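Please look through the sequence and the structure before reading on.

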Amino acid sequence: MWRSRFLRGTGCLLQGAGCIPCKPSHLPPLRYLSFYQPCLHPVLQRSCRAPTCYSSENCLRPAFAFYFFRKFRKDAKSIIDFPAQHLTVTDIKQYLRSKDIPFHDGYSCLHAPSIFMEPAPEGSGKENYSLFINKTTGQFLCKETLVEGSWEDLQDCIEVMLNEGQTSIGPNVLLGFPESLEEQEEREMEMKEVQRIWSSSMPFSDLLDEEVQLIKTMFQIGKLTNATLKRFGVRFFKPTKSLVFPWFSGRDSCLRGVKLLSAAMKGDRRVVYTEATIPKISNYHNLFGLPLIGRKDSEVVLTGREVDSMAVSQATGLPSLALPRGVSCLPPILLPYLEQFKKVTLWLGGDMRSWEASKIFSRKLGLKRSSLIRPGDFQPCPSEALAQGRNLARIVKASIPAAHKSIVSFKQLREDVYGELVNVEQVAGIHWSRFPELNRILKGHRKGELTVFTGPTGSGKTTFISEFALDLCIQGVNTLWGSFEINNVRLAKIMLTQFAKQRLEENLDQYDMWADKFEDLPLYFMTFHGQQNIKNVLDTMQHAVYLYDISHVIIDNLQFMMGQENLSVDKFAVQDHIIGAFRKFATNSCCHVTLIIHPRKEEDDKELQTASIFGTAKASQEADNVLILQEKKLVTCPGRRSLQVAKNRFDGDVGIFPLEFNKASLTFSAPVKGKQKLRMVKVDKNNSTEEIEETELKEKSEKALKPAKAKTAKTVKRSATLKDTTDGEGNNQ
């Protein structure tokens, strides 16, 4: 803890607040508070690398190269740790009262006078409540000076200020301590690249009319006027044929970054849009359109894309903002900028994924002030609605409140039911790309469900479930791994090998390339290892869902959380309590939880069943899906492993399909050869066992008959050939 050393050195620091002090060599590296590097609860170990060059592979022309910081790039190890004592809003309020700091409640933050600015004169009535403290995490942000940090950082600053008898503390004191020279050089490089791209891009007013029409057609923004593009500061970057969306922030509205939107035509004549942000996406906290918001505006429309925000603003005249990461995440650091609005309407897109994200984001913003726009044929995304000539103001006015009562009638559920009937594929969830047979049975991966996964000891449960989760993570599913059985380094090595589909030990020259791509994934790890308390694990999961909008949590495995409970309590009762807690978390947090449970010991020649799961029947009852990794231990030929879907609450389909393990890449995949790759079974509650056995006997009989038929055909053919030969010899004689 650096608080004591920090307090001892504050005298000279406060006296020289006007200049940047030198960093003493004997002090440990101090956390600094700045807009570039937020200090959050997760312990993120940084690994700095030189920025990669944007090439033609990213759908941009190689004639003009610029530094590209990859989307979702994080630290080499994104590890989530949770403090020993959970911070509550009551703790924050009690501390502020003890220090005589005034505050008042907001929707998601506490508002207090900024300690980083000189207070207004008494009696002036100009008290500036520009310091925002998050009620959930304690993270703070001063909107005037852009100083931000964790709750511990704010406590340190308050203690320094009060011990020195000051009324404020200069933000430059803490800003003068960069973490490393590499980070400082990287940040300077980013800003040079931002300025170079911005100065090289052209406003639409400087382009020819033919060029403007071609650009608008390419990006499908034909209905946006040049005046709207100018008002939002949008430009065009000719070398890469990209739209440039600026990020202005601070009191001086200085340029802090840019986002480039590029369009590329694929072979099937399909247009694909790609985004690149500078600085990297983890530090890109741009609410596009924020400089146009007035202090007295009390209503805002949040969209998932910049073009949608401009469409809403042009068609309705309402304040509109675009989230920097779209529907994937709403960073808590942006919440202070939304505190002034009494009504927030979320119109994130026109598909079911946008609808689910709207409901999740409304919890962060406050259900009472949030309204949602349900996607549908007559309510697409804002840019499409503008292109179709629809009345956007009427759509916004028809938004529904996010808060709901405990008892509803079918009238309130009618539109939800219709939406699920219309969007069958989207409601089914995200499909696996590596396990197509799993899509045919489970139909997809859905939020808010609990999946129980089991298999024999040593059969490869962790290896399979890591590829199972990696497949979804590659498609943008924010994933949190809780591995209590193996450490994070070994787990990351397994997943990286599966990601590269090759043994990197034999191709070390490709390690940096694959590691850079692996960092792009929205993947996080808990620091827990060994036996853990269920309360600490659930607190960490809730913390990750709030900060990173995690939508898939893997727990490996249940037995490692049972050792920390009271030994005098029945172990089966403890297991039921833990399973019930995970079931409640999945439902309330709208997050999919995959729970690995060891089975009870069975004989090697017997297949596992739902009843083989260790403990009582509560695990299979609470689970929405039950997956069993079957292994024939007495068989050494290919096909010894198979995946059985024993329960599927979504539509009832169950089945089993073979898996083939590739030891070089540590991956499982269904065999390509063979027509009988998948067995679908409709299970009935009364005679499910008889139907499965009947289906298996039928398949075995068909397999037994096929060789016989083939043999008969060959015999007939051979007989005919011999007959022809005999006849020919007779004729010759």
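Predicted model: local features only at pLDDT ≥ 70, side-chain atom pairs only at ≥ 80, totals over all residues.

## Helices H3 and H4

Helix H3 covers residues 89-98 and helix H4 residues 151-163; their axes lie 12 Å apart, at an angle of about 5 degrees. An angle under 35 degrees counts as roughly parallel, so H3 is roughly parallel to H4.

On the H3 side the contact involves Ile92, Tyr95 and Leu96, and on the H4 side Trp151, Gln155, Ile158 and Glu159. Sorted by class, the contact has five nonpolar residues, one polar and one charged.

## Helices H17 and H18

Helix H17 (residues 488-500) and helix H18 (residues 511-519) cross at roughly 100 degrees, and their axes come within 10 Å.

H17 contributes Met495, Leu496, Phe499 and Ala500 to the contact, while H18 contributes Tyr511, Trp514, Ala515, Lys517 and Phe518. Eight of these residues are nonpolar, none is polar and one is charged.

## Aromatic pairs

A pair of aromatic rings is described by how far apart the centres are and by the angle between the planes. The structure contains 18 aromatic pairs. In one of them, Tyr95 and Trp151 have ring centres 5.4 Å apart and planes at 80 degrees, so the pair is edge-to-face. Because Tyr95 lies in helix H3 and Trp151 in helix H4, the pair ties together parts that are 56 residues apart in sequence. Tyr95 is buried, at 13% relative accessible area, and Trp151 is also buried, at 4%.

Phe116 and Phe140 form another pair, with ring centres 5.9 Å apart and planes at 10 degrees, so this pair is stacked. Phe116 sits in the loop between strand S6 (109-112) and strand S7 (131-134), whereas Phe140 belongs to strand S8 (residues 140-142); the two are 24 residues apart. Both Phe116 and Phe140 are buried. Elsewhere, ring pairs join Trp432, Phe435, Phe453, Phe464, Phe468, Phe661 and Phe668 into a cluster.

## Cysteines

A disulfide is a covalent bond between the sulfur atoms of two cysteines. How many disulfides are counted here? The count is zero.

For Cys590, the closest cysteine sulfur is that of Cys591, 8.2 Å away, which is too far for a bond; the cut-off is 2.5 Å. Cys590 is buried, with a relative accessible area of 14%. Cys381 counts as buried too, at 9% relative accessibility.

Conventions:
Residues numbered from 1 in each chain as written. Heavy atoms only, no water. Axes fitted to C-alpha atoms, helices over the stretch in contact; angles between N-to-C directions. Helix = DSSP H or I, 4+ residues; strand = E, 2+ residues; numbered from the N terminus. Contact = heavy atoms within 4.5 Å. Nonpolar A, V, L, I, M, F, W, Y, C, P; charged D, E, K, R; others polar. Parallel < 35°, antiparallel > 145°, perpendicular 65-115°, else oblique. Buried < 20%, exposed > 50% of the residue type's maximum accessible area, 1.4 Å probe, protein only. Phe/Tyr/Trp six-rings, centres within 6.5 Å; stacked < 30°, edge-to-face > 60°.
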